Amino acid sequence: MTGVQTCALPIYMHPSWETAFLDTCISRGYPVTKDHGITIPYIHPDGSAHTYVPDFYAFEDRTLYEVKGRHDEVDIVKWEAAQHFCMARGWKFQVLFEGDS
């Protein structure tokens, strides 16, 4: 599948927001993973090609999640690419900001 590949990078989790999201998912019995291997190509505002890796994937309802404490114009471009990626596959994409649950 285009855009899905094994990630050779170490898995990093933000020490607070991503951990809180994962803890909430675990407590609610909603399985998610950071080790999903999904990469989404996007064009940076400067015109260069980049790849975006969403924070979590939920296999149960095919939803990609991004957990953020803040965002900027580059994040908006990434999220637009993620929306198109998900729509093409019948998936969902959701951005959660600090304090969302």
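Phe59 has a relative accessibility of 56% and therefore counts as exposed, the cut-off being over 50%. In this predicted model, Tyr57 has a relative accessibility of 6% and so counts as buried, since the limit there is under 20%. The points below follow the aromatic rings, the charges placed over them and the nonpolar cores.

**Aromatic pairs**
- The number of aromatic pairs comes to seven.
- Tyr57 and Phe59 form an edge-to-face pair, because their planes stand at 85° while their ring centres lie 4.7 Å apart.
- The rings of Phe85 and Trp91 are likewise edge-to-face, because their planes stand at 75°, with the centres 5.7 Å apart, and both of these residues are buried.
- One aromatic cluster is formed by Phe21, Tyr30, Phe56 and Tyr65.

**Charges over rings**
- Lys34 places its charged end over the ring of Phe56, at 4.9 Å from the ring centre, and Phe56 belongs to the aromatic cluster already described.
- Arg89 has its charged end over the ring of Phe85, at 3.6 Å from the ring centre.

**Nonpolar cores**
- The largest nonpolar core consists of 14 residues, and those with the most contacts inside it are Ile38, Ile40, Tyr52, Leu64, Phe85, Trp91 and Phe93.
- Two or more residues of this core are given by each of strand 1 (40-43) and helix 2 (73-89), and helix 2 supplies the largest share, six residues.

Terms used
Residues are numbered from 1 along each chain as its sequence is written. This is a predicted model: local features need pLDDT of at least 70, side-chain atom pairs count only at pLDDT 80 or more; totals for chains, interfaces and linings use all residues. Side-chain values use heavy atoms; hydrogens and water are left out. Rings of Phe, Tyr and Trp (its six-membered ring) pair if their centres lie within 6.5 Å; planes under 30 degrees apart count as stacked, over 60 as edge-to-face and the rest as tilted. Buried means under 20% relative accessible area, exposed over 50%, partly exposed in between (1.4 Å probe, protein chains only). A charge sits over a ring if NZ of Lys or CZ of Arg is within 6 Å of the ring centre and within 35 degrees of the ring normal. A nonpolar core is a set of buried Ala, Val, Leu, Ile, Met, Phe, Trp, Tyr and Cys residues joined through side-chain atoms within 4.5 Å. Helices (H or I, at least four residues) and strands (E, at least two) are DSSP runs, numbered from the N terminus.
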